[in-house]
Amino acid sequence: MNIWILNHHAVTPQMSGGTRHYDFAKALVKRGHQVTIIASSFHYAKLKEMKEYSHNQDYLQETIDGVTFLWFKTPPYQSNGVKRVVNMLSYTKKALQFVPKILKEKPDVIIGSSVHLFAVYAAQRLANKYHIPFVMEVRDLWPQTLIDMGMSKWHPFIMLLAFMEKFLYQKADKIITLLPQAEHYITTLGVEKSKIVWVSNGVELSNHIYRPIEGRRKQFKVLYTGAIGEANNLISLVRVAALLEEELSMCFEIIGDGPQKSTLLEEVQKRGLTNIKILPPVPKEEIPVILASADLLFFNLKDSPVFKFGISSNKLFDYMAAGRMILFSANASNNPIKESGGGETVNPNSTIELKDAIMKLFKLSLSEKNKLGENNRAYVEQNFAISHLVQSLENVLKEVCKNEKK
């Protein structure tokens, strides 16, 4: 099959961020398929351009590990405002305008990934142009996620997204959802359950060579890596670091970027904390070594109604593959850490619960700590390895292509 994937925010391992589509595409290429990922080169978290363009150049094309990437130059933005919407619309316009001119070979199927719905709309339009199957991938529930974050459902932008959402669900030949319970939401919009398939995020295990912690380390490190946004609620970790400042054999690190980073830095400076570092993001390919350097990995999400449909976090599966204990601070309908027996779960709204859980894990023996880490590694190997998940994705794509030929 010749497969096109439209994901505005797709990244490579040389960048920071989730590499879902690169990982799946690489695995599909190994199975004999041809895959092109169509993305913007303006990084959604670093908020900067990742490629160099010559004057008046709108796109770049490169091949990485057999996967073709088509990058579009889109306008910069620094916050979730009008300029970000302009960036989304620019990507959509360029995809519709340039993709047919650049990619001469007709695809067999197109996937549109809902980092935002305008990208999915572009995928649907292109699939319609070529008279081929259109698969919609639901990463976040738009516009419900924005409503749960406080926007009115009567806001004109929300109403536009709600119209697009229903339209795209109806037009899709199949709907892939990353969230395990999302079908309960999607079916309320008149979509048949048989049209919906769960294909979770996962992890490329070959990137994570598991090694147990050997011997006593100088300090017990609590680590967070990833986006630093409002939903990640990382101010809670800064507050815990303040409560545990006198515990000299413990330290905290936050590695990443996002709109709340300056707030965290100000809080650390205001409190005069020396036991917590907030560091720049790193390329995804460096993450395995960094995770292995920690004793405890911190996963946190601000309480939100949308999590009743579950979560599917690249970061969490990377954590599990590292074979380290995990502190899961989220109220979601699924809890891989509870299922794996690889750590502790706490209320995301309680700083005291968080502190107590960290101290509990800190006091475990080395063998107990390694046992929890091994539980996580075994669980992710059995359930969320890309090598297993790609079979589900391939099955979906083969099914829609087969039905198209009937």
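I looked up H131 and found H131 in the loop between α3 (117–130) and β6; helices (H or I, at least four residues) and strands (E, at least two) are DSSP runs, numbered from the N terminus. I noted a phi near 60° for H131, a positive value in a residue other than glycine. H131 is exposed, with 63% relative accessible area; buried means under 20%, exposed over 50% and partly exposed in between (1.4 Å probe, protein chains only).

For the record, this is a predicted model, where local features need pLDDT of at least 70 and side-chain atom pairs count only at pLDDT 80 or more, while totals for chains, interfaces and linings use all residues. Residues are numbered from 1 along each chain as its sequence is written, and side-chain values use heavy atoms, with hydrogens and water left out.

**Another positive phi.** I turned to N56, in the loop between β2 (34–40) and β3. Its phi is near 65°, a positive value in a residue other than glycine. Is N56 buried or exposed? I read a relative accessible area of 66%, so N56 is exposed.

**A cis bond.** I then checked the peptide bond from W142 to P143, which is cis with omega near 5°. P143 is in the loop between β6 (134–138) and α4 (144–148).

**Helices α3 and α5.** I followed α3 to helix α5 (residues 156–171): their axes come within 10 Å and cross at roughly 35°. Axes here are lines fitted to C-alpha atoms, for helices over the stretch in contact, and angles run from 0 to 180 degrees between N-to-C directions. α3 passes α5 in a left-handed crossing (left-handed if the near helix is turned anticlockwise from the far one by less than a right angle, right-handed if clockwise). Which residues make the contact? On the α3 side I listed L117, F118, V120, Y121 and Q124, and on the α5 side F157, L160, L161, M164, E165, F167, L168 and K171; contact means heavy atoms within 4.5 Å. By class I found ten nonpolar, one polar and two charged residues (Ala, Val, Leu, Ile, Met, Phe, Trp, Tyr, Cys and Pro count as nonpolar, Asp, Glu, Lys and Arg as charged, and the others, Gly among them, as polar).

**Helices α7 and α8.** Next I looked at helix α7 (residues 235–243) and helix α8 (residues 261–271), which pack at about 15° with axes 10 Å apart. That makes α7 roughly parallel to α8 (under 35 degrees is roughly parallel, over 145 roughly antiparallel, 65 to 115 roughly perpendicular and the rest oblique). α7 passes α8 in a right-handed crossing. I235, V238, R239 and A242 of α7 meet L264, E267, V268 and R271 of α8. I sorted these contact residues into five nonpolar, no polar and three charged.

**Aromatic pairs.** How many aromatic pairs are there? I noted twelve, where rings of Phe, Tyr and Trp (its six-membered ring) pair if their centres lie within 6.5 Å, with planes under 30 degrees apart stacked, over 60 edge-to-face and the rest tilted. The ring centres of Y59 and F98 are 5.9 Å apart and their planes are at 45°, so this pair is tilted. Y59 sits in strand β3 (residues 59–64) and F98 in helix α2 (residues 82–102), so the pair ties together parts 39 residues apart in sequence. Y59 is partly exposed at 31% relative accessibility, while F98 is buried at 15%. I also saw that ring pairs link Y59, F72, Y91 and F98 into a cluster.
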